[in-house]
Amino acid sequence: MPFDATTSAPEHWTFDAARDLADLAAAAPPALRRRLDAALSRLAMMNGARSLREAFVRPASTPFVAAVDACAADLGLAGDARAATMGRATVALYAYVRVQDDLVDEPDRVDRASVYAAEALLSEHLARFSEAVSDPAAHAWRARIMGRFAGVAATEIDDRDGAASDSDLGWMGEKFLPMAVPLAGLAVIAGRGALVPSLVEFVREVGTALQLVNDAFNVCEDALGGRTTPVLRWMRETGTVEPSSARATLLSGPVMARVVDEGRRYADAATARADAMGMTELAAVGRRARAMVDHAPERVCRLMLGMTV
């Protein structure tokens, strides 16, 4: 499957990353521990996973693990302890962003004080990131990337109808920008800081392809929750969308083909960008994104039938 590309060997950094999060929660005072435990439990159950570590490497997971490993290999950092530490920093950042998303999207399920769980996770991320790379350039890139991410996330909240956003779907990929943080850090570690802008755009392109298919997978939940996505807007241009039958409507109409066409375009652009940088392993991540897009109609059908993806 597309992104289950990491080794299962016990020495892989994802095992240490999962332990980092468990240890962070265990060491916290009770009020904070309760909220960290809840956040980590939600994370561990994502995409059909049964543990934190599995949640990071499931086929349907965001491909940050594969991207970190690929970028490290392309930059000559495979096996470098700093690359492993950067990976562990990335997992803490991923968990932090997930808590942010829950606070914004599910305020009835996640209490406001969970903002302090987010702060603890962010502190863990920053400590690991600083351990991996001390060069101020890496930290400046991190701040710039996360500032850009914050801007697009806030804009999406305010632009609920999204009417103007479909002219350039690339904004969707900016929601994946935290995945660019470790790639920027690795590039600086390798003395290849000039690659960072292209790495950020690679993430933007891959992220756009993956967000399109995620929106197709989640079309029922988004319709039921009153959320608006490009996929739902395209569907509503041709008729009413009922939440209970949204996947069937998607598969029977022209929008699924549009999702696939646009997703392929962005995934192929990411692959071409990685190839142009001479990063063959990262290009393979782009090709796996293309494979996920190609299989999106089949996966939507399986979800419609109540089957696992």
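Helix axes are lines fitted to C-alpha atoms over the stretch in contact, and the angle between two of them runs from 0 to 180 degrees between N-to-C directions. In this predicted model, helix α2, covering residues 30-44, packs against helix α6, covering residues 115-132, at an angle of about 80 degrees, and the two axes lie 9 Å apart. Because angles of 65 to 115 degrees count as roughly perpendicular, α2 is roughly perpendicular to α6. On the α2 side the contact involves Leu32, Arg35 and Leu36, which meet Tyr116, Ala117, Ala120 and Leu121 of α6. Six of the residues in this contact are nonpolar, none is polar and one is charged.

Helix α1, which spans residues 13-27, contains Leu24. Beyond residues up to four places away in sequence, Leu24 touches Leu36, Ala120, Leu121 and Glu124. Of these, Leu36 belongs to α2 and also takes part in the contact with α6, as do Ala120 and Leu121 from the α6 side. Leu24 and Gly286 are separated by 262 residues in sequence, and their C-alpha atoms are 33 Å apart in space.

Helix α2 also packs against α5, here at an angle of about 100 degrees and with the axes 10 Å apart. This angle makes α2 roughly perpendicular to α5. Ala39, Arg42 and Leu43 of α2 form the contact together with Tyr94, Ala95, Arg98, Val99 and Asp102 of α5. The residues of this contact comprise five nonpolar and three charged ones, with no polar residue.

A further packing partner of helix α5 (residues 81-105) is helix α9 (residues 180-189); the angle is about 160 degrees and the axes are 9 Å apart. With this angle, α5 is roughly antiparallel to α9. The crossing of the two helices is right-handed. In α5, the residues in contact are Arg82, Ala83, Met86, Thr90 and Leu93, and in α9 they are Val181, Pro182, Gly185, Leu186 and Ile189. By class, the contact of α5 with α9 consists of seven nonpolar residues, two polar residues and one charged residue.

The chain as a whole has 16 helices and zero strands. Its radius of gyration is 19 Å, close to the 19 Å given by the globule rule for 309 residues, so the chain is as compact as a globular protein of that length. The C-alpha trace spans about 55 × 50 × 35 Å along its principal axes.

Confidence in the model was examined along the chain. The mean pLDDT is 91, and 93% of the residues reach 70 or more. Over residues 1-8, the pLDDT is below 50, and this stretch has 28 contacts in the model beyond near neighbours in sequence.

Technical notes:
Residues are numbered from 1 along each chain as its sequence is written. This is a predicted model: local features need pLDDT of at least 70, side-chain atom pairs count only at pLDDT 80 or more; totals for chains, interfaces and linings use all residues. Side-chain values use heavy atoms; hydrogens and water are left out. Helices (H or I, at least four residues) and strands (E, at least two) are DSSP runs, numbered from the N terminus. Angles under 35 degrees count as roughly parallel, over 145 as roughly antiparallel, 65 to 115 as roughly perpendicular and the rest as oblique. A crossing is left-handed if the near helix is turned anticlockwise from the far one by less than a right angle, and right-handed if clockwise. Contact means heavy atoms within 4.5 Å. Ala, Val, Leu, Ile, Met, Phe, Trp, Tyr, Cys and Pro count as nonpolar, Asp, Glu, Lys and Arg as charged, and the others, Gly among them, as polar. pLDDT is the predictor's confidence in each residue, from 0 to 100. The radius of gyration is taken over C-alpha atoms; the globule rule is 2.2 Å times the number of residues to the power 0.38.
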